[in-house]
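These are my notebook entries on what I looked up in the structure shown here. I kept them in the order of the topics I went through.

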Amino acid sequence: MTAERIFDQLGHFKRFQACVYFAAVFQAIACGIHYLASVFLVNTPNFVCSVPGNITDVLYHNLTGHSVEDILPMFRPDEGSLVVKTSEGEQWELSRCRCALRIDPKGFSYDFDGNKTVKACDGKFLYDHSEVYQSIVTEWDLVCENEWLAKLCQPSFMLGVLIGALVFGDIADRVGRVRILMFTSLCQFGFGVAVAFSGNYYFFATLRFFLAMVSSGYLVVVFVYVTEFTGIKVRTWTSMHVHAAFAVGVMVVALTGYLVRIWWIYQIILSLCTTPFLLFCWKLPETPFYLIAKGRYKDAQALMDTIVHFNGIDCKLKVEELLQSEERENGRDLLEQEAEKRPLKSEKKLSILDLFGSWRMVGRTCTVWAIWFIGSLGYYVFSLGSVNLGGNQYMNLFLAGLVEIPSYLVACFAMDRIGRKKTCAPALLLAGTACMLIIVVPADIKILVITLSMIGKFAIAIAFGLIYLYTCELYPTIIRSLAVGSGSMMCRVGSVVAPFCVYLAEVWVYLPQLIVGILAFIIGVLTLLLPETLGRPLTTTLEEAEALGHKPSSNKDELKMNPPEAKA
């Protein structure tokens, strides 16, 4: 009996596993919240330069008013400047990053052919508060020469996500899944609230960087955690619906952004959304896979006894039944020899090189990483770009999150019926097709552009969702967190690139779609070269790992899930 078959005895998804699953997945909502929170944190409203003196009259083409705030909602920077008159009688033409003082104007009109004195804004601006009352852009004037700081907010966050994915994925293989889940969830709350009280941009960016690291660490480890706590019959559904929790977080961001227009209150509310998890996260147990992999057989036995009791099963499953070894054949009890075996079982310091043990593994890992990359790039290009599609930006982001829910349901049905590979490849090809169609559709048909964008998001969410489970199934237990962590690192490379890809729309409006579309087509074809894992149990031993082409360069026993004397 292999360790995978533990669920045949204890149940694939009974009461104990369900409680652990929903508790762990609930906190994943916070990850979705913090990943997309910057959409409204760095929201840049309409703005123009401020001028000395009190403004008494405003002109914008045929529109008139007595304050800039009355006209700013209709202001378009590419369609001319605002003309204002102050109480001192001065007339100014205001644009976004400079203003011009009219010299000896004759009357007050929009058109003026005389001389002007042009100067910079000197860090003083007037903002449109009709949509966003206060964001970090309006708080710290992150416009004009400081605009790059606002644009750097999301890439710097994703850089933290990249580092956190690799660091915490590796640490989780060493110290355990539960310790990382507890640590990262507590830090998510702490850093999330602290961000709201940051006094300047640099402190804000630093806190967000650490928030990104712990959010990424939680998301990476929770996928491995729920995968190792559920049986193969339900693993597709349980792993995919972690993404559904992330999508709920995206919708929470849209709803909170719509209701709260002051950035620091908005940040506090988002950080408080998942605080109930902090009350019971310390009760989460370690996974049986990890306990057995580390030779902690007494702890594994105690956990299995607890599961049996909680699920109300009449079963007396023993760890010995999962481990067939020479010692057991000689009548020696494995539990009694735990202390003897630990000194013999050296702790190998695993590294990313263990994912490239053979040429077959090189090709496999590179293809998996490419899927992670395009999944993340496409996901965030569609998500971040949704607020620029036209119409209501809050509704667009809400739909971008909502469309993920049916995508994961479709993915679950497809993966269980036609397999992981045959689901992932068509999804990437569909995403590429949607991108190309957006390019040829007339831009003034906004409803069609939004629909195609949501189809692209739907398709890319399928590929992005299943790659977590696919990666878990392609690698053995002892390097599973490292595989998911390194894959997530490549995924975050894509997410770091994504904001810059969105900014390329300033060069050509369809350039982001062209990039995502071409890459999705190429990687979709490469996906067809990967092996299918549908219905195959998780690998636990060296022999199973070598069947996948994984051949470590050091002592083979160091990669075994079980002690050197045991063979599963």
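I began with the terms for burial: a residue is buried under 20% relative accessible area, exposed over 50%, and partly exposed in between, with a 1.4 Å probe and protein chains only. The model is predicted, so I note that local features need pLDDT of at least 70 and that side-chain atom pairs count only at pLDDT 80 or more, while totals for chains, interfaces and linings use all residues. Residues are numbered from 1 along each chain as its sequence is written, and side-chain values use heavy atoms, with hydrogens and water left out.

**Entry 1: backbone angles.** Most residues other than glycine have a negative phi, and most peptide bonds are trans. I looked up aspartate 141, whose phi is near 50°, a positive value in a residue other than glycine. Aspartate 141 is found in the loop between H6 and H7; helices here are DSSP runs (H or I) of at least four residues and strands are runs (E) of at least two, numbered from the N terminus. With a relative accessible area of 23%, aspartate 141 is partly exposed. Cysteine 144 also lies in the loop between H6 and H7 and has a positive phi of about 55° although it is not a glycine. At 16% relative accessibility, cysteine 144 counts as buried.

**Entry 2: salt bridges.** Side chains of opposite charge can pair when their charged atoms come close. I used the rule that a side-chain nitrogen of Lys or Arg lies within 4 Å of a carboxyl oxygen of Asp or Glu, and the structure holds eight salt bridges. Glutamate 131 pairs in this way with arginine 261, the closest N and O atoms being 4.0 Å apart. This pair links distant parts of the chain, with glutamate 131 in the loop between S8 and H6 and arginine 261 in the loop between H11 and H12, 130 residues apart. Glutamate 131 is partly exposed at 40% relative accessibility, and arginine 261 is partly exposed with a relative accessible area of 23%.

I then turned to glutamate 228 and arginine 177, whose side chains meet in a salt bridge (2.7 Å, N to O). Glutamate 228 lies in the loop between H10 and H11 and arginine 177 in helix H9, so the pair ties together parts that are 51 residues apart in sequence. Both glutamate 228 and arginine 177 are buried. I also noted that Glu93, Arg102 and Lys116 are linked in a network of salt bridges.

**Entry 3: lysine 151.** Which residue forms a salt bridge with lysine 151? The partner is glutamate 506, the closest N and O atoms being 2.9 Å apart. Lysine 151 is in helix H7 (residues 147–151) and glutamate 506 is in the loop between helix H23 (480–503) and H24, 355 residues apart. Lysine 151 counts as partly exposed at 22% relative accessibility, whereas glutamate 506 counts as exposed at 61%. I found the charged end of lysine 151 over the ring of tyrosine 503, 4.9 Å from its centre; the rule asks for NZ of Lys or CZ of Arg within 6 Å of the ring centre and within 35 degrees of the ring normal. The charged end of lysine 457 sits over the ring of tyrosine 379, 4.4 Å from its centre.

**Entry 4: aromatic rings.** Rings of Phe, Tyr and Trp (its six-membered ring) pair if their centres lie within 6.5 Å, with planes under 30 degrees apart counted as stacked, over 60 as edge-to-face and the rest as tilted. By this rule the count comes to 30 aromatic pairs. One of them is edge-to-face, between phenylalanine 47 and phenylalanine 125, at 5.8 Å centre to centre and 85° between the planes. Phenylalanine 47 is in strand S1 (residues 47–49) and phenylalanine 125 in strand S8 (residues 125–127), 78 residues apart. Both phenylalanine 47 and phenylalanine 125 are buried. I recorded one aromatic cluster formed by Tyr35, Phe157, Phe246, Tyr379, Tyr380 and Phe464.

**Entry 5: helices H9 and H12.** Phenylalanine 183 is found in helix H9 and is partly exposed, with a relative accessible area of 44%. In helix H12 (residues 263–272), the buried residues I listed are Trp263, Tyr266, Gln267, Ile268, Leu270 and Ser271.
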